[in-house]
Amino acid sequence: MNDKQRVAHYAAQQIDSGMLIGLGTGSTANCFIDALVERQQNEALDCQYVASSIVTLQYARQAGLKLVGIETLAYLDLYVDGADEVAPDLSLLKGRGSDLVREKLLAQNSREFWVLIDPSKKVNHIGEKFPVAVEVMPFAVSLVQNSLSHLNIAAVLRKQGDGLHVTSHGCLVLDCQFNNDAPVSIDLQLNAVPGVVEHGIFLLPQTRVFCGEDQTVREMLR
Ligand code: 5RP
């Protein structure tokens with residue numbers, strides 16, 4: 001078992017039948033799905049799930065999990081996802097998979113938000129290893145880039161193959177560089193730009209971070 005599988009397995013062991021659980025996007029989220037499927041098959045674990053992206057929806061559906069549409073939700077018991085960076089205050093950077101608006105909706109509307117990582121995701125400050133992904137309405141890209149440049153924020157349109165990267169509900173992604181700015185300040189700046197749908201900084205009080213390391217799982221405390 002590698003660190004991602006170990007932490008995913010640990011999280012799946014905490015789940016009780018009857019819960020409504022949000023499924024994140026990425027390789028760690030897929031490990032969590034695999035561990036849930038194992039419990040469903042071996043222990044008749046019976047939960048309902050909602051996916052944070054089309055790719056996760058397909059993965060979970062093929063694996064045999066019971067899915068409900070995000071449109072039907074009033075709340076979730078738990079949202080479980082990976083992250084790209086976790087700072088000591090548990091602020092997060094997400095978005096290499098880029099389905100940020102669905103991920104943040106699910107995280108924000110969950111009683112608890114569990115983030116599953118391996119040690120490579122720990123950083124001293126957000127933005128240390130990756131740019132901040134910003135999901136943008138397609139028709140607004142030039143105007144958003146212009147607004148960001150007035151704030152001295154360099155923004156590069158994310159490409160995929162010969163085309164542009166498109167999120168699960170049709171947005172484009174700008175990868176933005178910040179120089180060690182506080183996550184709260186980045187959050188405020190990006191939220192104030194019209195045309196920005198969502199961005200990759202997650203600052204939620206219900207966040208709990210679990211790290212698979214040294215053959216065990218440790219919870220990161222603020
Ligand atoms: C998707 C995400 C992912 O959770 C993040 O990129 C981590 O991915 P992985 O589990 O594959 O390392 O934020 O938008």
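Predicted model: local features only at pLDDT ≥ 70, side-chain atom pairs only at ≥ 80, totals over all residues.
As for where the ligand sits, the space it takes up is the largest pocket.

From an oxygen atom of the ligand to an N or O atom in the side chain of Thr28, we have 2.5 Å. The backbone takes part as well: a polar backbone atom of Thr25 is 3.1 Å from a ligand oxygen, and for a polar backbone atom of Gly82 the distance to a ligand oxygen is 3.3 Å. On its own, the ligand has 380 Å² of accessible area, and the protein covers 90% of that.

Let's stay with Thr25 for a moment. Where is this residue in the fold? You'll find Thr25 in the loop that runs between strand E1 (20-23) and helix H2 (27-43). Is Thr25 buried or exposed? Its relative accessibility is 15%, so Thr25 counts as buried, given that the cut-off for buried is under 20%.

And what does the Thr25 side chain do? It makes a polar contact of 2.7 Å with the side chain of Ser52, and another, at 2.8 Å, with the side chain of Ser53. Leaving out residues up to four places away in sequence, Thr25 touches Ser52, Ser53, Val55, Thr56, Asp81 and Glu103.

So that's the picture: Thr25 has its backbone facing a ligand oxygen at 3.1 Å, while its side chain makes polar contacts with those of Ser52 and Ser53. Thanks, everyone!

Terms used:
Residues numbered from 1 in each chain as written. Heavy atoms only, no water. Helix = DSSP H or I, 4+ residues; strand = E, 2+ residues; numbered from the N terminus. Buried < 20%, exposed > 50% of the residue type's maximum accessible area, 1.4 Å probe, protein only. Polar contact = N/O pair within 3.5 Å; in protein donor to acceptor, adjacent residues only side chain to side chain. Contact = heavy atoms within 4.5 Å. Areas by Shrake-Rupley, 256 points an atom, 1.4 Å probe, with all protein chains shown as cover. 1 Å grid on protein atoms, 1.4 Å probe; cavity = no way out; pocket = protein on both sides within 12 Å on 5 of 7 lines; lining within 4 Å. Sits in = over half its atoms within 2 Å of the grid points.
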